[in-house]
Amino acid sequence: SFNLSDFAEKVGYYTRLEMTSLIELALWKKMMKKSALSAEQSLETFDKSREDCRYSCGSDVVIVNVARFLWNDQSYCETA
């Protein structure tokens, strides 16, 4: 049978998960803009810079701290 509270819990979980993904993408984009990649870079250099920006944007620290406010239980914070 359909349980509305279970459904609401799942929707809430996936909504918070999407929020953390958007935060990561925003931080990554900011780092990309900060690095001011030029249009003259080769594709290989651009891909490497892009990867470096993703790992150095600080999302691993920011998301764990923001997740404490999004999640009622701290399980996400402990596994991230």
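User: How are H1 and H3 oriented to each other, roughly parallel or roughly antiparallel?

Analyst: This is a predicted model. The axes of H1 and H3 (residues 59–70) come within 10 Å and cross at roughly 150°. Angles over 145 degrees count as roughly antiparallel. H1 and H3 are therefore roughly antiparallel.

User: Which residues of H3 make the contact with H1?

Analyst: H1 passes H3 in a right-handed crossing. On the H1 side the contact is made by Arg 16, Met 19, Thr 20, Ile 23, Glu 24 and Leu 27. The H3 residues are Ser 59, Val 62, Ile 63, Val 66 and Leu 70.

User: By class, how many residues in the contact of H1 with H3 are nonpolar?

Analyst: Two residues of this contact are polar and two are charged. The count of nonpolar residues is seven.

User: Is Ser 59 buried or exposed?

Analyst: Ser 59 is found in helix H3. Beyond its neighbours within four places in sequence, Ser 59 is in contact with Glu 24 and Leu 27. The cut-off for buried is under 20% relative accessible area. Ser 59 has 8%, so the residue is buried.

User: Which residues are buried in H1?

Analyst: A residue counts as buried under 20% relative accessible area. In H1 this holds for Gly 12, Thr 20, Trp 28, Met 31 and Met 32.

User: Is Lys 33 buried or exposed?

Analyst: Lys 33 is found in helix H1. Exposed means over 50% relative accessible area. Lys 33 has 61%, so the residue counts as exposed.

User: What is the C-alpha separation of Ser 35 and Cys 53?

Analyst: Ser 35 is found in helix H1 and is partly exposed, with a relative accessible area of 35%. Ser 35 and Cys 53 are 18 residues apart along the chain. Their C-alpha atoms are separated by 7.9 Å.

User: What pattern does the protein chain follow along the sequence?

Analyst: The protein chain has four helices and zero strands. Read along the sequence, the pattern is α-α-α-α.

User: What share of the contacts with a separation of 6 or more comes from residues 24 or more positions apart?

Analyst: The protein chain has 80 residues, of which 19% count as buried. Among its contacts with a separation of 6 or more, the share from residues 24 or more positions apart is 59%.

Key:
Residues are numbered from 1 along each chain as its sequence is written. This is a predicted model: local features need pLDDT of at least 70, side-chain atom pairs count only at pLDDT 80 or more; totals for chains, interfaces and linings use all residues. Side-chain values use heavy atoms; hydrogens and water are left out. Helices (H or I, at least four residues) and strands (E, at least two) are DSSP runs, numbered from the N terminus. Buried means under 20% relative accessible area, exposed over 50%, partly exposed in between (1.4 Å probe, protein chains only). Axes are lines fitted to C-alpha atoms, for helices over the stretch in contact, and angles run from 0 to 180 degrees between N-to-C directions. Angles under 35 degrees count as roughly parallel, over 145 as roughly antiparallel, 65 to 115 as roughly perpendicular and the rest as oblique. A crossing is left-handed if the near helix is turned anticlockwise from the far one by less than a right angle, and right-handed if clockwise. Contact means heavy atoms within 4.5 Å. Ala, Val, Leu, Ile, Met, Phe, Trp, Tyr, Cys and Pro count as nonpolar, Asp, Glu, Lys and Arg as charged, and the others, Gly among them, as polar.
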